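Welcome! Please look through the sequence and the 3D structure below, then work through the exercises one step at a time.

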Amino acid sequence: MKMIIPCSRLFAYVQPNLAYVAWFQVFVATLGSLYFSEVMKLPPCMLCWYQRIFMYPLVYILAVGIVLEEERIRYYCLPLSVTGLVIAVYHNLLYYHIIPESIAPCTSGISCTTRQIEWLGFITIPLLSLVAFTITTVALLLYKKDKNT
Amino acid sequence: MSQKGRVVTKQRVKKGLKREVKILLAIGLAAVVLLAGVAWFINRSAEPPAQSILIREDSPRIGADNAKVTIVEFLDPECESCRAAFPMVKQLLSDYEGDVQLIVRYFPLHTNSALAAIATEAAGEQGKYWEMQELLFQNQPSWGEQQTPQANLFTQYATQLGLDMDAFVQVLNSTKYIDKIQRDQQDGEALGVRGTPTFFINGQQVQNISSLPDLVRQAVEQ
């Protein structure tokens with residue numbers, strides 16, 4: 001019991017700020033992916049493009065929602081983040097050969113399973129995307145506006 | 001209630017930026033700083049490419065062996081940009097004759113890229129490597145962007161050059177140069193080559209292709 005009370009207090013403190021956590025995550029993901037393609041000149045594969053489509057608008061929609069103190073922010077953002085999450089899961093399954101590539105929709109340009117980056121032996125671009133969409137989605141699901149402000 | 005809330009908001013706007021906006025700006029700044037730090041850390045820890053894989057013993061070369069400036073070009077005979085860069089490279093070789101050596105590495109990206117590279121090597125066995133390369137670039141619109149092997153056209157070009165056709169066709173149909181081409185591509189990837197043409201001047205990768213003549217001139221005059 002003693003452990004649960006501080007934890008719930010911590011959560012009560014974090015919960016109203018989860019929209020900021022989500023925004024930080026989507027902003028970092030957006031800048032990071034642009035860094036990969038524009039500075040490091042790594043060509044984005046087809047699935048990466050679809051994930052970008054669902055990630056980039058969140059920077060603006062979340063920011064406007066936060067500034068307007070929109071309580072229903074999650075209803076605008078979850079459709080984007082969950083769709084992105086589904087694509088990211090699919091991409092990772094392909095990337096780690098859990099499902100065979102022959103059914104991958106990558107016909108032109110770079111293959112979605114080309115390994116371009118492997119930091120510390122396990123950090124890859126599809127994994128970063130999966131983590132980003134997961135954090136964003138979970139943060140939005142748990143977010144609740146503080147009634148006092 | 002909501003009317004009151006709006007009034008309060010307006011007053012806040014007059015006083016300065018809204019609290020939420022300030023927090024977002026602070027988070028945004030923190031994100032930029034964090035990413036810049038990560039980028040700096042990655043660049044610092046990235047190992048400089050090993051020069052031993054930039055030039056291989058069997059790589060085709062033209063120009064003086066003791067030249068002051070070595071240009072390594074990762075090219076794809078089927079690449080349109082390589083075709084566009086070809087006159088510039090040729091001009092450099094004639095302008096700085098004796099000072100510049102060009103070394104060719106393969107980086108095939110299209111259907112007929114590897115076969116075209118083999119055709120140049122096959123011509124090279126008969127001393128006509130550069131002639132074949134030029135012919136392939138000149139005629140690229142005829143054989144490029146095709147989905148089927150263009151061996152017939154390559155053979156036709158070999159006839160134009162007056163090559164021993166039996167020997168040429170034998171090499172063209174063999175797997176003799178496949179390993180070399182694959183090794184070149186792996187070397188290129190390890191060196192950070194992402195597309196063609198990619199030039200290295202004395203080991204330094206050229207970022208902007210159109211700056212090549214200036215960079216070569218500087219290197220020669222140095």
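Helices (H or I, at least four residues) and strands (E, at least two) are DSSP runs, numbered from the N terminus. The expected span of a helix is 1.5 Å times one less than its number of residues.

This is a predicted model, in which local features need pLDDT of at least 70 and side-chain atom pairs count only at pLDDT 80 or more, while totals for chains, interfaces and linings use all residues. Residues are numbered from 1 along each chain as its sequence is written, chains are lettered from A and ligands numbered from 1 in the order in which they are written, and side-chain values use heavy atoms, leaving out hydrogens and water.

**Exercise 1.** Compare the reach of helix α4 of chain A with its expected span, then find its kink.

*Solution.*
- Step 1: Helix α4 of chain A covers residues 73-95, which is 23 residues.
- Step 2: From first C-alpha to last, this helix reaches 32 Å, close to the 33 Å expected.
- Step 3: The bend at a residue is the angle between axes fitted to the seven residues ending there and the seven starting there. In α4(A), a kink of about 25 degrees is centred on A:P79.
- Step 4: After α4(A) comes A:H97, with a positive phi near 60 degrees.

**Exercise 2.** Is A:Q25 buried or exposed, and which residues does it contact?

*Solution.*
- Step 1: Locate A:Q25 in helix α2 (residues 18-39) of chain A.
- Step 2: Buried means under 20% relative accessible area, exposed over 50%, and partly exposed in between (1.4 Å probe, protein chains only). A:Q25 has 15% relative accessibility, so it counts as buried.
- Step 3: Contact means heavy atoms within 4.5 Å. Setting aside neighbours within four places in sequence, A:Q25 touches A:A132, A:I135 and A:T136.

**Exercise 3.** Now turn to chain B and describe the surroundings of B:K128.

*Solution.*
- Step 1: B:K128 sits in the loop between α4 (113-124) and α5 (129-138) of chain B.
- Step 2: Its relative accessibility is 30%, so B:K128 counts as partly exposed.
- Step 3: Beyond neighbours within four places in sequence, B:K128 is in contact with B:A123, B:L161 and B:L163.
- Step 4: B:G162 is 34 residues from B:K128 along the chain, yet their C-alpha atoms are separated by 9.5 Å.

**Exercise 4.** How many helices and strands does chain B have, and what share of its residues is buried?

*Solution.*
- Step 1: Chain B has 10 helices and five strands.
- Step 2: Of its 222 residues, 41% count as buried.
- Step 3: Among chain B contacts between residues at least 6 apart in sequence, 77% join residues at least 24 apart.
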